[in-house]
Amino acid sequence: MAKRVFIGVGHGGSDSGAVANGFKEKDLNLAIALACRDELTRHGVKVGMSRTKDEADPLTDEIKECNAFGPDYAVEIHNNAGGGDGVEIYHHYGGGKGKTLAQNILNEIVAIGQNSRGLKTKKNSDGRDYFGWIRQTVAPACLVECAFVDNKKDITIIDTAAEQKKMGIAIAKGILKTLGITWMAEKPKETPVNDTKKLYRVQVGAYAELKNAEEMLKKLKSAGFDGIIV
Ligand SMILES: [Zn+2]
């Protein structure tokens, strides 16, 4: 049976998350999440997402959607603020599969050149896990803070569409590893073999005069065809 992964996309709608340096966190989260989804889907994973466009999606709804989807793993994608530098990933303070997931994702994000602030845990004052995403999701979960939106240097790791895609693919690679699925590079697009040249027989009789047939042949050749006069 196909493995299942749920991706929570942080913020959305009127909740932009961190806003700095011309970026809104909600947009970065979505671009990264969509790339992550595509990469997982390419490897046969069934992916659920809390949102696939810019819309309001409160965390409580995300958690409900996630638990209804019944994934093997749950990953929430965010970007950070507060002037730090690098990726940090939260997992349940009890460790377990969520920690393995977090470590595998961290390794892949470091591999694309991002600094690491390491794996983190956070508890509530009542001793439970601080993050609802980690506390209330049934599946092993982690929360990825890819980069600091408000750090001019750190944001450069995801300030183009191509880099956001790269970040999404890195997260997917970490998830795939956790699922025991071997990552495979995308097959290069096949360049069509130049076999489009077709030989046309230009019948002189059809053009009454040889001159006309020669003109037709010239036209064919300039269009990239070969021809012969018969
Ligand atoms: Zn956030």
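Strand β6 (residues 87-91) is joined to β7 by 4 bridges, and the two run parallel. Tyr-90 has Lys-120 as its bridge partner in β7. Strands here are DSSP runs of E at least two residues long, helices are runs of H or I of at least four, and both are numbered from the N terminus; two strands count as paired if DSSP finds at least two bridges between them. This is a predicted model, in which local features need pLDDT of at least 70 and side-chain atom pairs count only at pLDDT 80 or more, while totals for chains, interfaces and linings use all residues. Residues are numbered from 1 along each chain as its sequence is written.

The β6-β7 pair belongs to an open sheet of 6 strands, in the order β4-β1-β5-β8-β6-β7, with mixed pairing. At the edges sit β4 (46-49) and β7 (116-120), each of which pairs on one side only. From one strand to the next, the twist averages 20°. As a reminder, strands of a sheet pair through backbone hydrogen bonds, either parallel or antiparallel.

Moving along that order, β5 (73-80) pairs with β1 in the parallel sense over 5 bridges, and Val-9 stands opposite Ile-77 of β5. β5 also pairs with β8, again in the parallel sense, this time over 6 bridges. Asn-80 has its bridge partner, Phe-148, in β8. As for burial, a residue is called buried if 20 or more other C-beta atoms lie within 10 Å of its own, exposed if 12 or fewer do, and partly exposed in between, with C-beta atoms placed from the backbone. By that count 8 of the 8 residues of β5 are buried, so the strand is largely enclosed by the rest of the structure. Tyr-73, Val-75, Ile-77 and Asn-79 point one way from β5, whereas Ala-74, Glu-76, His-78 and Asn-80 point the other way.

Helix α2 (residues 59-69) lies across β1, β4 and β5, and runs at about 175° to β1.

Next comes the nonpolar interior. A nonpolar core is a set of buried Ala, Val, Leu, Ile, Met, Phe, Trp, Tyr and Cys residues joined through C-beta atoms within 7 Å. The largest one has 51 residues, and those with the most contacts inside it are Ile-7, Ile-32, Val-75, Ile-105, Cys-142, Ile-171 and Ile-175. Helix α1 supplies the largest share of this core, 8 residues. Leaving aside neighbours within four places in sequence, Cys-142 is in contact with a set of residues including Val-75, Ile-89, Tyr-90, Leu-101 and Ile-105.

Glu-145 is also worth a look. This residue is found in strand β8 and counts as buried, because 24 C-beta neighbours fall inside 10 Å. Not counting residues up to four places away in sequence, Glu-145 touches His-78, Asn-79, Asn-80, Val-87 and Glu-88.

His-11, in the loop between β1 and β2 (19-20), has a positive phi of about 65° although it is not a glycine. His-11 counts as buried, with 25 C-beta neighbours inside 10 Å. Asn-21, in the loop between β2 and β3 (23-24), is likewise not a glycine and has a positive phi of about 55°. With 14 C-beta neighbours inside 10 Å, Asn-21 counts as partly exposed.

Stepping back, the protein has 7 helices and 10 strands. An automatic or database domain assignment gives the bounds of domain 1 (4-179) and domain 2 (199-229), whose centres, taken over C-alpha atoms, are separated by 63 Å. The radius of gyration is 26 Å, whereas a compact globule of 230 residues would have one near 17 Å; the value is taken over C-alpha atoms, and the globule rule is 2.2 Å times the number of residues to the power 0.38. Along its principal axes the C-alpha trace spans about 95 × 45 × 30 Å. Buried residues make up 37% of the 230 residues.

Methods. Axes fitted to C-alpha atoms, helices over the stretch in contact; angles between N-to-C directions. Contact = placed C-beta atoms within 7 Å.
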